[in-house]
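Have the viewer open as you read.

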Amino acid sequence: MFELHNLLPAIITIAKEYLGVKRISLMLIEDDYLKMYAHAGFEVDQSSVNIRLGEGVAGKVAKTGIEVTANKSDIVKEVLGYQASSFMSVPLKKGDKVLGVLNLTDKEDDFFTEEDVKIARYIASQCALGVDRFNLYSDMRKSENLRVIGMLNSSIAHDIKNLLNIVQSYLELMALEKDIKPEMQEYIDAIHSEVKRIHGLTMDILDFSRQRVSMAIETFPLAELFDEIRKHANIMTRDTAISVEVSVSDDIIMTVDRGKIFRVIFNLVSNAIDALSVSGKVTLSAVKDGEYCVIRVKDTGKGISSDNRKKLFQPFFTSGKAKGTGLGLAIVKMIVEAHCGTIDVDSEEGVFTEFTVRIPYDYESVKELHRQR
């Protein structure tokens with residue numbers, strides 16, 4: 001098995017029966033927390049179980065790498081928070097590195113023997129081996145994805161970009177024609193908006209495969225860029241009950257790469273509209289903050305879980321979206337950081353999601369300050 005969601009439940013199901021325990025769980029370390037990946041005998045939503053390293057028995061075992069066994073002791077209830085007669089927590093180790101913990105509760109005869117401890121250690125070592133193999137497999141798949149992206153960079157992506165430029169040129173020529181019917185102009189605008197989206201996806205692939213962001217700096221009022229975004233957003237939401245509100249003052253003048261900042265905002269607004277599906281509200285705003293411009297994109301959609309928020313800017317990560325390459329937000333982060341800026345996300349499930357981008361008004365002056373530091 002190469003997938004953890006298949007491998008780990010299979011292991012602990014066997015372990016539960018073999019060791020004769022009522023409850024068993026397996027938790028892996030992610031950042032500063034233990035996250036439950038598999039369990040048996042518990043009535044719990046494992047996605048909601050997160051323990052900070054160093055807290056509780058499992059958290060201490062994960063932090064120290066030292067196993068804990070307790071039999072017929074009041075300590076068991078104190079440390080677990082519920083009634084249990086016996087408890088064992090064993091670290092999953094790869095060399096000296098702790099990957100997680102295996103927790104076993106309530107041995108059927110109320111007592112863990114030395115033989116049980118040895119078996120639990122062996123099971124934990126097999127789990128650690130499986131996790132390590134999965135991580136290696138994931139790295140291999142990522143490398144393969146990067147190789148494929150590199151191939152796209154050298155052939156298909158460039159061809160798509162050139163073809164899109166031709167389509168866009170013809171659309172601009174059509175727009176110059178006199179006496180165009182309103183419905184025909186509406187079709188032209190819709191095609192132009194979709195071409196922009198496809199062009200953005202193609203540029204995402206090219207930029208990511210190069211792992212660099214080239215800059216073409218120009219000066220322009222941010223309000224002009226927001227007007228362009230508003231037009232595309234209106235087309236994307238035409239057949240929905242989604243409202244898009246734009247707020248920006250006319251005195252915000254930017255000296256940045258206009259095309260790339262357009263891609264940042266367009267990507268965030270497009271994602272917000274996708275998150276709403278058919279109804280809701282998207283708010284795009286910008287305010288001054290010292291030498292920086294703070295751009296916010298907020299939607300009243302389903303929100304993003306805390307686990308997914310940690311992965312949002314990772315390449316190839318998607319949270320169930322039907323569209324996109326999984327590169328959009330990774331590229332957004334690359335572009336923002338190339339402008340000496342930052343991007344953050346705040347969200348509450350079922351309520352809202354808000355992205356905050358901070359970029360300097362004048363990239364050239366801030367770039368010089370960064371060089372001096």
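Keep in mind that this is a predicted model. Let's start with a strand pair: S1 (residues 21-30) and S2 (residues 33-40) run antiparallel and share seven bridges. Within it, Ser-25 sits opposite His-39 of S2.

Zooming out, that pair belongs to an open sheet of six strands, ordered S3-S2-S1-S6-S5-S4, with antiparallel pairing. S3 (50-52) and S4 (68-71) are the edge strands; each has a single partner strand, so one side of each has no neighbour in the sheet. On average, neighbouring strands here are turned by 25° against each other, ignoring direction.

Which helices go with the sheet? H1 packs on it, and H2 lies across its strands. Here's how they line up:

| Helix | Strands involved | Angle |
|---|---|---|
| H1 (residues 4-19) | S1, S2 and S6 (97-107) | about 145° with S1 |
| H2 (residues 56-64) | S1, S2, S3, S4, S5 (86-94) and S6 | about 30° to S5 |

The axes of H7 (residues 222-236) and H8 (residues 258-276) come within 10 Å and cross at roughly 35°. The crossing is right-handed. On the H7 side, the contact includes Leu-225, Phe-226, Ile-229 and Met-236, while H8 brings in residues including Ile-261, Phe-262, Phe-266 and Val-269.

Methods. Residues are numbered from 1 along each chain as its sequence is written. This is a predicted model: local features need pLDDT of at least 70, side-chain atom pairs count only at pLDDT 80 or more; totals for chains, interfaces and linings use all residues. Side-chain values use heavy atoms; hydrogens and water are left out. Two strands pair if DSSP finds at least two bridges between them. Helices (H or I, at least four residues) and strands (E, at least two) are DSSP runs, numbered from the N terminus. Axes are lines fitted to C-alpha atoms, for helices over the stretch in contact, and angles run from 0 to 180 degrees between N-to-C directions. Contact means heavy atoms within 4.5 Å. A crossing is left-handed if the near helix is turned anticlockwise from the far one by less than a right angle, and right-handed if clockwise.
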